[in-house]
Amino acid sequence: FLMNYFWLCQMAWMVCEAVVMHRILVTAVLHSRIPRYMLKFNLACWGVPLIFPTIGMIWGQDDLANPKTCFVREQYGWITFYSPVVLCISFNIVIFIWTA
């Protein structure tokens, strides 16, 4: 549970870094501002990734993690881990291409 959660938090922070980089490089001319952006980023990056391992814990219960590898089993991993990671990486690629 915790390893899955922390990996997803790291991916969420990577998305926030992409948003910040885009705002710095592209929208700096517009002088747009997000009030209390660090509070919002913290809530998003620590809260949203909690949803997916929780779904896995409810769905998989005792069978969620492989005891040999301590990683989520494949049948649960597609929804609770791999899909969010692919979405985060895809979003980052789109943002960085759009920024360039």
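User: Let's start with contacts along the sequence. What share of the contacts with a separation of 6 or more comes from residues 24 or more positions apart?

Analyst: In this predicted model, residues 24 or more positions apart supply 67% of the protein chain's contacts with a separation of 6 or more.

User: And which elements does the chain run through, read along the sequence?

Analyst: The pattern is α-α-α. That's 3 helices and 0 strands in the protein chain.

User: Okay, helix 1. How far does it reach from its first C-alpha to its last?

Analyst: The idea is to hold the reach against what's expected at 1.5 Å a residue. Helix 1 covers residues 2-25, 24 residues in total, and spans 34 Å, close to the expected 34 Å.

User: Which residues of helix 1 are buried?

Analyst: General idea to begin with: an α-helix has 3.6 residues a turn, so residues three or four places apart point the same way. Now the case here: the buried residues in helix 1 are Asn4, Tyr5, Leu8, Cys9, Met11, Ala12, Val15, Cys16, Ala18 and His22.

User: And for the whole protein chain, what percentage of the residues is buried?

Analyst: Buried residues account for 29% of its 100 residues. As for the surface, the accessible area is about 7,000 Å², and carbon and sulfur atoms hold 73% of that.

User: Now the rings. How many aromatic pairs turn up in the whole structure?

Analyst: The search gives 3 aromatic pairs. Take Tyr5 and Phe6: their ring centres are 5.3 Å apart with the planes at 50 degrees, so this pair is tilted. To call a pair stacked you'd want planes under 30 degrees apart, and for edge-to-face over 60.

User: Are those two residues buried or exposed?

Analyst: Tyr5 counts as buried because its relative accessibility is 11%, where the cut-off is under 20%. Phe6 is partly exposed, at 46% relative accessible area.

User: What about the rings of Tyr5 and Trp46?

Analyst: Their centres sit 6.4 Å apart and their planes meet at 45 degrees, so that pair is tilted too. Tyr5 belongs to helix 1 and Trp46 to helix 2 (residues 37-60), so the pair ties together parts 41 residues apart in sequence. Trp46 itself is partly exposed, with a relative accessible area of 39%.

User: Which residues form one aromatic cluster?

Analyst: Tyr5, Phe6 and Trp46 do.

How values were computed. Residues numbered from 1 in each chain as written. Predicted model: local features only at pLDDT ≥ 70, side-chain atom pairs only at ≥ 80, totals over all residues. Heavy atoms only, no water. Helix = DSSP H or I, 4+ residues; strand = E, 2+ residues; numbered from the N terminus. Expected span 1.5 Å × (residues − 1). Buried < 20%, exposed > 50% of the residue type's maximum accessible area, 1.4 Å probe, protein only. Contact = heavy atoms within 4.5 Å. Areas by Shrake-Rupley, 256 points an atom, 1.4 Å probe, with all protein chains shown as cover. Phe/Tyr/Trp six-rings, centres within 6.5 Å; stacked < 30°, edge-to-face > 60°.
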